[in-house]
Amino acid sequence: MKEFRFKLILIAAFVALSVYLLYPTYADYSFTNEIESELTSITDSIRASNPTISDAKLSQIIELKEDSIRISNPAIKNAREKRVKLGLDLQGGMYLVMEVNTAKLLENLVKNPDEDFMNLLKEAEEESRISEENVVSILASKIQAQGKRLSRYFGSIRDEDEDIIARLEEQESDAVTRAIEIINNRVNQYGVSEPNIQKQGARRIIVELPGIAKEEEAKRLLQGSALLEFKLTKEPDFAIPIMNRIDEILAGKTGEEADSLNTQDSADVADMTEEEFAKEHPFYSIALVSTNYPYPLVKENDRDKIMSYLSRPEVMNVIPDNVEFLFGAKPAITQDNENYFALYLVNKEAELTGGVITDAQANIDPQTTQAIVYMYMDSEGAREWSRITGANIGKNCAIVLDGAVYSAPRINTKIPNGSSVIEGMEDLNEAKLLEIVLKAGALPAPVDIIEERTVGPSLGQDSINQGFNSTLIGFILVAIFMIFYYRRAGTVADLALFFTIIFIMGILAGFQATLTLPGIAGIILTIGMAVDANVIIYERIREEIATGKTIKAAIESGYTNSYSAIFDSNITTFFTGIILYQFGSGPVQGFALTLMIGIVCSLFSAFVVTRVAIEMMTAKGIKLNIG
Amino acid sequence: MRLFENLNIDFLSKRKFAYIFSGTLLVLGLISIVLRGLELGIDFKGGSEIALKFENPISISEVRDELNQIGLGNIEVKTFGGETGILIRTELQTIPENVFGRVTSAIEKHIEEVFPGIQKNIVEKTNDAITYQFESDSITKELSTELFKVGLQTSSLQDNKLLVRVGVADWIEEVLREKIADNRFVVQKADNVGPKIGGELKRDSIIAVALALIVILVYLGFRFKFAFALGAVIALFHDVMITLGLFSLLYGIIPGLNLEISISVVAAFLTLVGYSINDTVIIFDRVRENMKIHKTAPIEQNINSAINKTMPRTIITSLTTLFVVAVLLIFGGEVLRGFAFALVFGIFIGTYSTVFVASPFVLEYARRFKKKLEF
């Protein structure tokens, strides 16, 4: 048995690893079932106690409840993170390809456009649809073909054509970066789980939003120009009494009672357990006030809860009409792997909107080596800005993009000419982000949706069920056939096939790869083709036996002689898998991936798993029956 | 159990029949591709496609009648997974100008319902969106929510502006929601592919299939001899062309079978290439082995013996693969049907081409160039 020990340990290790990697997927599945049944009973009880409740209201309550269940148990969160990722076609969601509309951008950038230019632009736009070249270079060559210089329309008169082209292309890529930040910002606020937003090539953005049930809502996230506003933040001595009132109301205390209890409370705080504190101070238990940060901090997962608190009518009553609470766009601090977001109280009315900003630039201050951002405004904006800054020296002014606060710098002096310097960024990257944000509201370069695929959750679930059933039926059919045809050796091949599927799934989970519907098809196909290696080997062994060899020798030479055929054929298939992966998009890549993983796993199963099993059987004197 | 053991059939001598058979299929397919064309899905053509699931069974012809009156030209309506599901497709990406008026009045009707007699201003009109301007921010916000509830996509902008987006799919949904009010539906799937993307996907797919053939040619040329590599690739090309021809011949003929060329069908073609080459390599491997052992034997004999010896494996692997692909075709759902069909047919044609196209080619090549192939 010694000769098999290494291989057996190897196999056991792989199986154990795969099972270990797959466990979270199983755990996630059973957690989801548990949560679902819990939610159903909650829904029923709410309906029973309040039959007139509207569907929208109910689903909002249920969603909140689900979030709080998921957050309360770290095991649930952990399982969700480590499970086999499902593609958009299986879990439902939205896939979008967006492209910056360069023609519109050029139209906005051009100075003194004549009819000629507009015609050329139109032609260039048409041509770019079918051409590899981009609009900028097509337009440039068209203008040059007319014997004109680009400086006639862009830049200043002394600029060389190449410089202008380079600058226009930079503007184009700037527009993409800005659009990505705007989308990121909206998606983060909306709370989409596992969004994927990435740049593709020079002008495209790919957005993947899993699990968005209502496509319209998703599109709302992406459409419309961004709104950049400057809003004055409220001082703590204004904000704290309001938050105290909110806290009291949420704890269920009436006005007078609360006042009398208030002083007493603060003395007792130290003696309270965490739960008591949460009960007494529902607001402050999740909006954490500390001495070293000017604004309350809220954990990432608690933001929804705060928002729902703030939207209760009795709470809205105590918030003055002219102010509102806004969250920071990025975590203010990160501690113990937990992101904390600042909660700002700001004036509802914006002092200025981003339309007045003409330019912004991130830089390093040569004197202090600190990261800073220069911000420039047009004359009208500068006049307003001078008045605003003059009247509010010492106060903070929040820079708000689509309702999220990116920064709240202090106004140090009156800024008369519209060119401001913003300080206090951690590093140049943070400054660059602020630069993007400041420009977001300024220059409209529309981003068009050029491809859009939405899968509803019900179709996704259907696909999962159909995929699962097909895999099961396919496996059973092949397994029965193999036993029927190869008898005991067939059983061994079936065992190997079973391991192959476990390995494939384990690898998918381990590498955090995404399983798509075509990916499931790839696994099903692998089931059919994985036995091929075993079939080749078994047929060869039969042939070798027919030439009069002993069983042991026949097995030996059967494996040796099949090796080249199996190797060559699988390598070529693997190549097509690679090509498919390179050229395919989302779902098709999933197919290519499982096909390639399937090839590797089935080779391992054929050459290691079945071989050990068969050799062990013959060594132990069990008669190998290959039908 | 043993099947096809100790076969001794002179496959090569029957190659002339195979040439006629393959030739006929190829010519028929090509004629059909030229005359009938291929039914390209929106992946390649560009267009909009939505799958709806109704609460109750829905009549396709009713939906078709309603949709033919909305001015979007030819709209395809098919069943999609059972009698409550339909698939609607149009090549249009944007609503034609002459229909836009009807769309506008539909939107304005909704606005009237919320705020009767309200002052509104159309600020901008593009081919898929209208921007209104209203008196106050609160009106804009309220309308944004209300219009959104009836299924329109809205976003409120600066200066009390409200952008209402209406794509082709939105317009179709809007019409059906109104016309077939007693049978509510949910959107199962909605795809919208721009013509540019469609063109790119088409180009990428052709490159992918061509590249796969080239890579296989190079690899097999390296592992075997050029004659074998060329034979294998010609067989693969033969498989792809005949399957493509079949897609052209049969689309629209078998009810319930959706034979349009989509991205997943291209994936199936590449898989078919992978499967067919598997088969070919295994026979060639045996030919190579035979040629090493029986150096003096005529090549026909080596090839024939290789085909005969590997026949049990060829049949059994084809069977197991056929099992699972048939399962996919039957149980895999609407989305994978075209994919599964391409593979079912591909398994037959792939197995056939190995024996009757790839192997005879090697023989013909050796004879034509009077070349002695050896390893």
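**Exercise 1.** Which residue of β8(B) does Glu452(A) stand opposite?

*Solution.* Residues are numbered from 1 along each chain as its sequence is written, and chains are lettered from A in the order in which they are written. The model is predicted: local features need pLDDT of at least 70, side-chain atom pairs count only at pLDDT 80 or more, and totals for chains, interfaces and linings use all residues.

Step 1. Find β8(B), residues 185-193; strands are DSSP runs of E, at least two residues, and helices are runs of H or I, at least four, both numbered from the N terminus.

Step 2. Strand β17 of chain A (residues 447-455) runs antiparallel to β8(B), joined by five bridges; strands pair if DSSP finds at least two bridges between them.

Step 3. Opposite Glu452(A) stands Asn192(B).

**Exercise 2.** Describe the side of chain B that touches chain A.

*Solution.* Step 1. In chain B, 63 residues are in contact with 64 residues of chain A (C-beta atoms, placed from the backbone, within 7 Å).

Step 2. Elements supplying at least two residues each include α7 (195-223) and α9 (263-293) of chain B. The largest share, 14 residues, is that of α10(B).

Step 3. Sorted by class, there are 36 nonpolar, 16 polar and 11 charged residues. Ala, Val, Leu, Ile, Met, Phe, Trp, Tyr, Cys and Pro count as nonpolar, Asp, Glu, Lys and Arg as charged, and the others, Gly among them, as polar.

**Exercise 3.** Which residues make the contact between α1(B) and α11(B)?

*Solution.* Step 1. From α1(B), take Arg15(B), Ala18(B) and Ser22(B).

Step 2. From α11(B), take Phe356(B), Val357(B) and Pro360(B).

Step 3. The classes are four nonpolar, one polar and one charged.

Conventions
Contact = placed C-beta atoms within 7 Å.
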